[in-house]
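This briefing is meant to be read slowly, with the sequence and the model open beside it. Please look over both before going on to the notes.

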Amino acid sequence: ILLEALSEGYSTIKASYAHLPSVRVVVAAYPELRFANKMVNKDRIIVAYGSTMHLRLTGGPRRWEYSHSYRTSKLDEQASLSMDYAKLNHVRGSPADMIREYHVSCNNFGWEDTLSFKVTNVIDDVNALDTKEVMNISFRCAEPVSGRVVPFDS
């Protein structure tokens, strides 16, 4: 069976096969996890030593509400960097708008790592499979190309 989503959401489908009992299946459609920042390159994030970049992500699976055919679910959101030369902080998130915001700071330069974001819709049902969306992007702390000092007016 091949299904094509026409819009975002979730639905229950009843499938019947000859000589087998019918089965109810919940399917979900959601936009892929992606950066909403226009300045973020899809392939690599480069942050200058000593600076911080604001990252804004949208998309990924949504939490399911209770219905007669499945139970309530919860979202599990994770973001990680494997090295300690940079810091990743979750700033805020809006589950209703599917917006997640992070700050990534660079404490050293010359290193490259993978920045990983994962959103999982954990379904509270024995026969259900969790829905997971993962996005990995190359991250690099680099030397600043140029700098400028602007004096404050006193």
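The notes below go from the whole chain to single residues.

This is a predicted model, in which local features need pLDDT of at least 70 and side-chain atom pairs count only at pLDDT 80 or more, while totals for chains, interfaces and linings use all residues. Residues are numbered from 1 along each chain as its sequence is written, and side-chain values use heavy atoms, with hydrogens and water left out. The protein chain has zero helices and 10 strands, where helices (H or I, at least four residues) and strands (E, at least two) are DSSP runs numbered from the N terminus.

**Confidence**

- The mean pLDDT of the protein chain is 77, and 82% of its residues reach 70 or more; pLDDT is the predictor's confidence in each residue, on a scale from 0 to 100.
- Confidence is highest in β5, at a mean of 87, and lowest in strand β6 (residues 73-81), where the mean is 72.

**The chain as a whole**

- Read along the sequence, the pattern of the protein chain is β-β-β-β-β-β-β-β-β-β.
- Of the 154 residues of the protein chain, 29% count as buried, a word that here means under 20% relative accessible area, with exposed meaning over 50% and partly exposed lying in between (1.4 Å probe, protein chains only).
- The accessible surface of the protein chain comes to about 11,000 Å², and 50% of this belongs to carbon and sulfur atoms; such areas come from the Shrake-Rupley method with a 1.4 Å probe, and for residues only the protein chains shown count as cover.
- Among contacts (heavy atoms within 4.5 Å) between residues at least 6 apart in sequence, 60% join residues at least 24 apart.

**The nonpolar core**

- The largest nonpolar core has 20 residues, and those with the most contacts inside it are F35, I45, L55, L57, L115, F117 and F139; such a core is a set of buried Ala, Val, Leu, Ile, Met, Phe, Trp, Tyr and Cys residues joined through side-chain atoms within 4.5 Å.
- Two or more residues of this core come from each of β4 (44-48), β5 (52-58), β8 (99-106), β9 (112-123) and β10 (131-142), and β10 gives the most, with four residues.
- Leaving aside neighbours within four places in sequence, L115 is in contact with I45, L55, S80, L81, L88, M135, N136, I137 and F139.
- In soluble globular proteins, nonpolar side chains tend to be buried together.

**The disulfide**

- The count comes to one disulfide, that is, a pair of cysteine sulfur atoms within 2.5 Å.
- This disulfide joins C106 to C141, with an S to S distance of 2.0 Å, and the pair links distant parts of the chain, C106 in strand β8 and C141 in strand β10, 35 residues apart.
- Both cysteines are buried, since C106 has a relative accessibility of 2% and C141 has a relative accessible area of 1%.

**The salt bridges**

- A search of the whole structure finds two salt bridges, each being a side-chain nitrogen of Lys or Arg within 4 Å of a carboxyl oxygen of Asp or Glu.
- R44 and E112 meet through their side chains in a salt bridge (3.0 Å, N to O); R44 lies in strand β4 and E112 in strand β9, so the pair ties together parts that are 68 residues apart in sequence.
- R140 also forms a salt bridge with E112, the closest N and O atoms being 3.3 Å apart, and this pair links R140 in strand β10 to E112 in strand β9, 28 residues apart.
- R44, E112 and R140 are thus linked in a network of salt bridges, and each is partly exposed, with relative accessible areas of 36% for R44, 37% for E112 and 29% for R140.

**Two loop residues**

- H19 is found in the loop between β1 (9-15) and β2 (23-29), where H19 counts as exposed at 85% relative accessibility, and the phi of H19 is near 70 degrees, a positive value in a residue other than glycine.
- N107 has its place in the loop between β8 and β9 and is partly exposed, with a relative accessible area of 42%.
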